[in-house]
Amino acid sequence: MKKLIFIISIFLYISTFAENSLFVKANQQYNKENYFAAISLYDSIIKNNLESSAIYHNLGNCYYKTQDWANAIWHYEKSLLLKKDKNTLENLELTKLKIKDKIQPIPQLFYKTWWNNLIHLQSTKLWQILSLICIWIILIFYILNKLMKNKKKYILYFLNVLLITLLYISFSSYQLQYNTSQAIIFSSSVNVNSAPTEKSKNLFSLHAGTKVTILDNIEDWIKIKIGDGKNGWIRATNCKILK
C-alpha cells in the first residue's frame with residue numbers, strides 16, 4: 001500500500017513539474033511574440049487534462065494577438081467559467097468590440113440584475129463552501145444554546161435565513177454554470193433558420209465570436225438563443241461548445 005501511495009505521489013509530482021515546465025516555456029514564447037508556438041504549448045497542457053483559468057486566459061491573449069477573435073472569446077469565456085477574474089473580463093469585453101455582431105441584451109428588471117450580480121460575485125464552489133460553513137455555525141450555536149440554556153432565538157432565526165439564502169444562491173449558481181449550455185459561433189457567417197432544416201426560413205445571420213445559449217438539439221442541428229432574445233436553428237458544426 002505504501003509503495004502504491006509513493007508511486008502515485010511521484011506520478012503527481014512529475015505531472016505537476018511537467019505542466020509547470022510547459023507553462024513557463026509557453027509564457028516565454030508569448031513574451032517573444034511567438035504566439036502560435038505558445039498556443040501549441042498551452043494546448044499540450046490542456047490535452048493532458050491539466051486545465052486552469054490562467055492557461056485559458058493566456059490562450060485568449062495569444063489568439064487576440066493573432067486577431068482570431070472567435071478563439072480569443074472562447075478561451076476568455078472558458079477561463080471565466082473556472083475563475084472570475086477582472087483582467088479576463090476586461091480582455092473579453094475588449095475582444096467583443098472587434099467582432100461584427102453587436103447584440104444588445106434585453107434589459108432586465110432591477111431585482112433580476114441585482115440577483116445575477118450577486119450570483120456572479122463568487123464561484124459556485126465558494127458559495128457551496130459558505131453554505132457548509134453556515135450549517136456548521138448553526139449546529140454549534142444550537143448546541144451551545146442548549147448547554148448554556150441561552151434563549152437567543154433571534155440569532156438562530158437569522159442564521160437559518162442566511163443558510164436558506166446561501167443554499168439558493170449555490171443552487172442558482174450551479175444551475176447557471178452546469179445546466180446551461182453555451183457556445184461561440186466559429187463560422188465567419190451562419191444563417192439562423194426557423195426550423196432544423198436547410199429549407200426553412202432564414203431568420204437572421206450571426207458571425208464569428210458571437211456567444212449563444214443552446215436551448216435544444218436535433219441530430220446535427222441545435223436551437224440557439226442570443227442576448228436580445230432572438231432564437232432559431234443552426235448546424236452544430238458552426239459553433240464550439242463552452243460547457
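**Helix α5.** I started with helix α5, residues 86-96, and looked up its buried positions: T88, L92 and T95. Helices here are DSSP runs of H or I, at least four residues, numbered from the N terminus. Buried means under 20% relative accessible area, exposed over 50%, partly exposed in between, with a 1.4 Å probe and protein chains only. Down the axis of α5, the buried residues fall within an arc of 65°, so they line one face of the helix. That arc is taken over directions from the helix axis to the C-beta atoms. An α-helix has 3.6 residues a turn, so residues three or four places apart point the same way. I then checked the cover: α3 and α4 are among what lies over the buried residues of α5. Contact there means heavy atoms within 4.5 Å. At the start of α5, a side-chain oxygen of D85 comes to within 3.1 Å of the backbone nitrogen of N87.

**Provenance.** The model is predicted: local features need pLDDT of at least 70, side-chain atom pairs count only at pLDDT 80 or more, and totals for chains, interfaces and linings use all residues. Residues are numbered from 1 along each chain as its sequence is written, and side-chain values use heavy atoms, with hydrogens and water left out.

**Aromatic pairs.** How many aromatic pairs does a search of the whole structure find? I got six. Rings of Phe, Tyr and Trp (its six-membered ring) pair if their centres lie within 6.5 Å; planes under 30 degrees apart are stacked, over 60 edge-to-face, the rest tilted. Y56 and W74 form an edge-to-face pair, 6.2 Å centre to centre, with 70° between the planes. This pair links distant parts of the chain: Y56 is in helix α3 (residues 53-65) and W74 in helix α4 (residues 69-82), 18 residues apart. Y56 is buried at 4% relative accessible area. W74 is buried at 8%. Next I took W115 and Y168: their ring centres are 5.3 Å apart and their planes at 35°, so the pair is tilted. W115 sits in helix α6 (residues 110-119) and Y168 in helix α8 (residues 153-178), 53 residues apart. W115 is partly exposed, at 22%. Ring pairs join W114, W115 and Y168 into a cluster.

**Charges over rings.** I counted a charge as over a ring if NZ of Lys or CZ of Arg is within 6 Å of the ring centre and within 35 degrees of the ring normal. K240 lies over the face of W74, 4.0 Å from the ring centre. K230 lies over the face of F204, at 5.6 Å.

**L130.** L130 is in helix α7, residues 124-148. At 32% relative accessibility, L130 counts as partly exposed.

How values were computed. Helices (H or I, at least four residues) and strands (E, at least two) are DSSP runs, numbered from the N terminus. A polar contact is a pair of N or O atoms within 3.5 Å; within protein, one must be able to donate a hydrogen and the other to accept it, and residues adjacent in sequence count only if both atoms are side-chain atoms.
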